[in-house]
Amino acid sequence: MEIAVLLVSLAVSVLVVTAFAEKIEISPPLVLIVVGVAVSYIPGVLEIDLSADVVLYGLLPPLLYAAAIQTSLVDFRANLRPILFLSVGLVVFTAAGVAVLVHALLPGLSWGLSFAIGAVVAPPDAVAATAVGRRIGLPRGITTVLEGESLLNDATALVSLRTALAAAGLAMHGGGHVDTPTAQGVALDFLIAAGGGVAIGLAIFAVVAFMRSRVTDTLIDTALSLIVPYGAYVAAESIHASGVIAVVIAGLLLGHKAPITQTAQSRLADRTNWRTISFVLEHAVFLLIGLQAAGLFRDVHDSDLSNGRIALVCGLSLVAVILLRLVWIFAARLVLLERPSRRESRPPAAYALLLGWAGMRGVVTLAAAYVIPHQAPHRDVLLLIAFTVVVGTLLIQGLTLPMLARRLRVESPDPMDDALARATLLQQASKAGFAELKRLKSEQGDSDDLHGVVALIRQRTEQRNFAAWERLGTTPDEETPSEVYSRLRLAMIEAERRRVLQIRSEGTTPSVVVAEVLAMLDVEESMLDSATQERAELRTNVVRRPGEECAELIASPAVETHTDGTCHECVKAGHRWVALRQCLECGYVGCCDSSPDRHATAHFHETGHPVMESAEDGEEWRWCYVHHVTA
């Protein structure tokens, strides 16, 4: 009963505190840490001891898997060099630096245990960094590197910790002595951990991908997905390989192949389930970290060291992990941030500074500290060092990272750029779809269009594309056709749902049928809500050119916009228009494809002039009718 009450209390606390943090616009992990520390000192509160096994086997696998399946394998490979420099090189560098410091300040502490605490505090936790980063709009390149780093650095830290404890003559999970490792043994340990983890991850991926290709039931697929992270982690750890690497490899590949191996319904369910699991676990972890405070400070009172020396070693360890990361990144920033296509350009120091300052520690650091056996000298102080580093980096760097990003004036991701890329991508996809439709028609004749099906498909596809382009409009207080459609359709759906619920209460229709109809309405409403919300965000942004490669766009001249804000062809026809486009070759101004007569497109078909530019205030993008790309 106590465990059930505890779990419910944790869940409720996480939800309440997170909602409060969102309302006051402070990163929830930071607030949860502070609340956890405060609650740990309340008399009568059940003390929670965060054991290593609970974190490493219970919390870490699903958190890693949730992050891995959402990480782009393409982006991960593109940033593999900086990710490896941070997840391997920086972890070892930080562990060594902290080891030197702690060995000098704690009398009688062996080099093995000194390096062990260095390995404990070395790996940053990108959960907190990316939570803050997304809120303040860190550049995507930095966020990608942080996420990739967090997927692998835990493996380096845990292997380093195991090696350091062996060097100290201690077993990793408590009890017994072990042989002092040799250089060859350390190299072999790393090789087994990395190679074995990769092998297990590939094997798990192959098995699950094979099963998914033959399973169409969403519930079975979802259950299989929940097993994957634990199966990969346990299988790897059972052969002394890296469970972290196994989970990451399996998650990256399964996420990358999901559009091929899973059904659409399974992908939707998977995405929702893992976002929910990740949300609950990530936030619960930070509350649990804070709850360790009272117990850690109580235990350290029994130490033979003075309070001053304990405070000194904890404080200097915190400073060390921050400075060592900055030193490493600035020393290697050409390698870390270099773009393969532009190797001659020196990466901006602002990006390096942000990447260095986003090295907050998290739950893995605290869990790894508990791996240190009880008989280790100064264990209570080592645990407090880990706690100080975790809480200190979260509060100091987490609270100041937004201010630093604003001071450095780095460019955050522009939603308008995303909208422009989305519209272009949909246009390219539709082009391929229409080509396939044309091929099918030529093979099967006109029989398929007996009921106007082909025309209906074309109309719905074009309407989808028009809606994507209309989101780029920046005219305030003026609804586009898609916005009018969304507003009217949402009102209809609400009326439809009321009627369905009324029929349900009468009990005349099978409940299964009622549930199916309500689900259909929910799916449609969610799609409309998403588009409406994005449109509201985009109205406050201005398009920036993504720089697509296109000969026509490059050759098109920069012309001054000459328009009185009117589509004269529409005026003649007595129609309204949505947005205006100007031909860069002859200066013709016509309405966009969301307008009834599509005069801009008609002008291209009549003249062959390839490039039109937006003639709307605040819009600075061009469209090539030949290649269907923007710039």
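How many of the 11 residues of helix α6 (residues 111-121) are buried?

**Basis.** I worked from a predicted model, in which local features need pLDDT of at least 70 and side-chain atom pairs count only at pLDDT 80 or more, while totals for chains, interfaces and linings use all residues. Residues are numbered from 1 along each chain as its sequence is written, and side-chain values use heavy atoms, with hydrogens and water left out.

**Entry 1: helix α6.** I found that 9 of the 11 residues of α6 are buried, so the helix is largely enclosed by the rest of the structure. Buried here means under 20% relative accessible area, exposed over 50%, and partly exposed in between (1.4 Å probe, protein chains only). The buried residues of α6 are Gly112, Leu113, Ser114, Ala116, Ile117, Gly118, Ala119, Val120 and Val121. Their cover includes α5 (80-105), α8 (140-167), α14 (307-331), α17 and α18 (379-408).

**Entry 2: the whole chain.** I counted 25 helices and 5 strands in the protein chain; helices (H or I, at least four residues) and strands (E, at least two) are DSSP runs, numbered from the N terminus. Of the 631 residues, 48% are buried. The chain exposes about 30800 Å², of which carbon and sulfur atoms supply 62%; accessible areas come from the Shrake-Rupley method with a 1.4 Å probe, and for residues only the protein chains shown count as cover.

**Entry 3: α3 against α17.** I looked up how helix α3 (residues 52-70) packs on helix α17 (residues 363-371), and noted an angle of about 140° with the axes 7 Å apart. That makes α3 oblique to α17, because angles under 35 degrees count as roughly parallel, over 145 as roughly antiparallel, 65 to 115 as roughly perpendicular and the rest as oblique. Ala52, Val55, Leu56 and Leu60 of α3 make the contact with Val363, Val364, Ala367, Tyr370 and Val371 of α17. Contact means heavy atoms within 4.5 Å. Axes are lines fitted to C-alpha atoms, for helices over the stretch in contact, and angles run from 0 to 180 degrees between N-to-C directions.

**Entry 4: Arg212.** Is Arg212 buried or exposed? I recorded 2% relative accessibility, so Arg212 counts as buried. Arg212 lies in helix α9 (residues 183-212). The side chains of Arg212 and Asp221 meet in a salt bridge (3.4 Å, N to O), and both residues are buried. A salt bridge is a side-chain nitrogen of Lys or Arg within 4 Å of a carboxyl oxygen of Asp or Glu. Not counting residues up to four places away in sequence, Arg212 also touches others, including Tyr65, Leu254 and Asp270.

Entry 5: The structure holds 10 salt bridges. I traced the network that links Glu494, Arg497, Asp522 and Glu525. Asp522 pairs with Arg497, the closest N and O atoms being 3.0 Å apart; this pair links distant parts of the chain, with Asp522 in helix α22 (residues 511-538) and Arg497 in helix α21 (residues 481-506), 25 residues apart. Asp522 is partly exposed, at a relative accessible area of 40%, whereas Arg497 is buried at 13%. Arg497 also meets Glu525 in a salt bridge (2.5 Å, N to O).

**Entry 6: Leu73.** Leu73 counts as buried, at 12% relative accessibility. Leu73 touches Leu252, Leu253 and His256, not counting residues up to four places away in sequence.
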